[in-house]
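Hi there,

Here is the structure we talked about handing over, with the sequence alongside. Have a look first, and then read on for what turned up.

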Amino acid sequence: MHLLAGPEDQGWGKDPDRGLLLAALELLAERGYRGATTKEIARRAGVNEVTLFRRFGSKEALLRAALSRFIPAGFLERLPAEEAPLEEGLRQLLEAYLDLLKAHQALLPKLLAELLRHPGLRGAGPPEGILGVLERVVGFFRAQQRKGLLRSDEPPEEMALAFVGPLMARFLLGEALGVHLPLDPEAYLRGYLEGRYGAGRGGHAELR
């Protein structure tokens with residue numbers, strides 16, 4: 001069973017550890033933390049266990065490294081820069097997250113469940129790749145607040161969560177129920193921005 005299709009397109013490239021990292025992610029999703037044994041990970045990756053331990057030291061370290069690479073390398077480049085116009089940046093952010101969720105629709109719910117069951121997989125904080133995304137997204141909202149385009153009385157972290165959170169919830173609920181929940185991107189953006197425009201919006205046209 002292969003839950004990750006087309007890994008080359010997701011930015012894994014020719015990383016020498018790619019096979020082990022992909023095998024670790026897939027087995028974590030398929031069999032859970034306990035079922036993803038080092039023996040089976042090594043077998044699926046086409047290496048021996050000695051190589052696995054030499055490269056990563058332990059199963060937990062390997063799984064943390066794999067989770068840190070879960071976000072495709074090119075995903076960060078798709079996120080809006082701080083100087084991006086508000087509405088354009090939000091559209092860019094929405095498209096990037098929708099594509100990410102679609103690409104990992106078979107994998108994401110299972111990985112999230114394992115992270116909840118085994119907090120040690122997160123280490124001291126979010127995996128490195130995810131942390132970089134969070135910093136970029138929060139930076140965009142913070143910059144929009146500084147420009148006066150978004151209200152300043154809501155922390156940028158909460159603004160980012162209010163934008164991304166419902167997308168994740170919609171996706172996970174749809175997966176759990178086995179139903180497709182259609183999304184109108186422009187309606188989603190209008191709903192998000194309602195009551196959130198800042199005093200410096202000036203002549204910026206409201207989404208319609």
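**Aromatic pairs**

The count of aromatic pairs comes to 6, where rings of Phe, Tyr and Trp (its six-membered ring) pair if their centres lie within 6.5 Å, with planes under 30 degrees apart called stacked, over 60 edge-to-face and the rest tilted. In the pair of Phe75 and Tyr97, the ring centres are 5.5 Å apart and the planes stand at 90°, so this pair is edge-to-face. Phe75 belongs to helix α5 (residues 75-78) and Tyr97 to helix α6, so the pair ties together parts that are 22 residues apart in sequence. Helices (H or I, at least four residues) and strands (E, at least two) are DSSP runs, numbered from the N terminus.

Phe75 counts as buried at 5% relative accessibility, and Tyr97 is buried too, with a relative accessible area of 8%. Here buried means under 20% relative accessible area, exposed over 50%, and partly exposed in between, with a 1.4 Å probe and protein chains only.

Phe141 and Tyr192 form another edge-to-face pair, 6.1 Å centre to centre with 65° between the planes. Since Phe141 lies in helix α8 and Tyr192 in helix α10 (residues 185-193), this pair ties together parts that are 51 residues apart in sequence. Both Phe141 and Tyr192 are buried. They also belong to one aromatic cluster, together with Phe140, Phe163 and Tyr188.

One more ring is worth a look: Lys59 lies over the face of Tyr33, 4.1 Å from the ring centre. For a charge to sit over a ring, NZ of Lys or CZ of Arg must be within 6 Å of the ring centre and within 35 degrees of the ring normal.

**Before you go further**

Please keep in mind that this is a predicted model, in which local features need pLDDT of at least 70 and side-chain atom pairs count only at pLDDT 80 or more, while totals for chains, interfaces and linings use all residues. Residues are numbered from 1 along each chain as its sequence is written, and side-chain values use heavy atoms, with hydrogens and water left out.

**The overall picture**

The protein has 10 helices and 0 strands. Of its 208 residues, 43% count as buried. Among contacts (heavy atoms within 4.5 Å) with a separation of 6 or more, 65% are between residues 24 or more positions apart.

Helix α4 (residues 59-68) is mostly covered, with 7 of its 10 residues buried. Lys59, the residue over the Tyr33 ring, is one of those buried residues.

**Two loop residues**

Leu107 is found in the loop between α6 and α7. It is buried, with a relative accessible area of 0%. The C-alpha atoms of Leu107 and Ala29 are separated by 6.2 Å, though these residues are 78 apart along the chain.

Glu154 sits in the loop between α8 and α9. It is buried as well, at a relative accessible area of 12%. Leaving out residues up to four places away in sequence, Glu154 touches Gln145, Met159, Ala162 and Arg196.

The largest pocket has a volume of about 690 Å³. Of the 25 residues that line it, the closest to its centre are Tyr97, Leu112, Ile130, Leu134 and Met168. A pocket is an open set of points on a 1 Å grid over the protein atoms alone where a 1.4 Å probe fits, with protein on both sides within 12 Å along at least five of seven lines, and lining residues have an atom within 4 Å of a point. Grid points are joined across faces, edges and corners, and a volume is the space filled by probe spheres set on the points.

Helices α6 (86-103), α7 (108-117), α8 (128-146) and α9 (156-177) each supply at least two lining residues of the largest pocket, and the largest share, 6 residues, comes from α9.

The second largest pocket has a volume of about 400 Å³. Among the 15 residues lining it, Leu98, Arg170, Phe171, His180 and Leu181 are the closest to its centre. Both α6 and α9 supply at least two residues of this lining, and α9 gives the largest share, 5 residues.

Enjoy exploring it!
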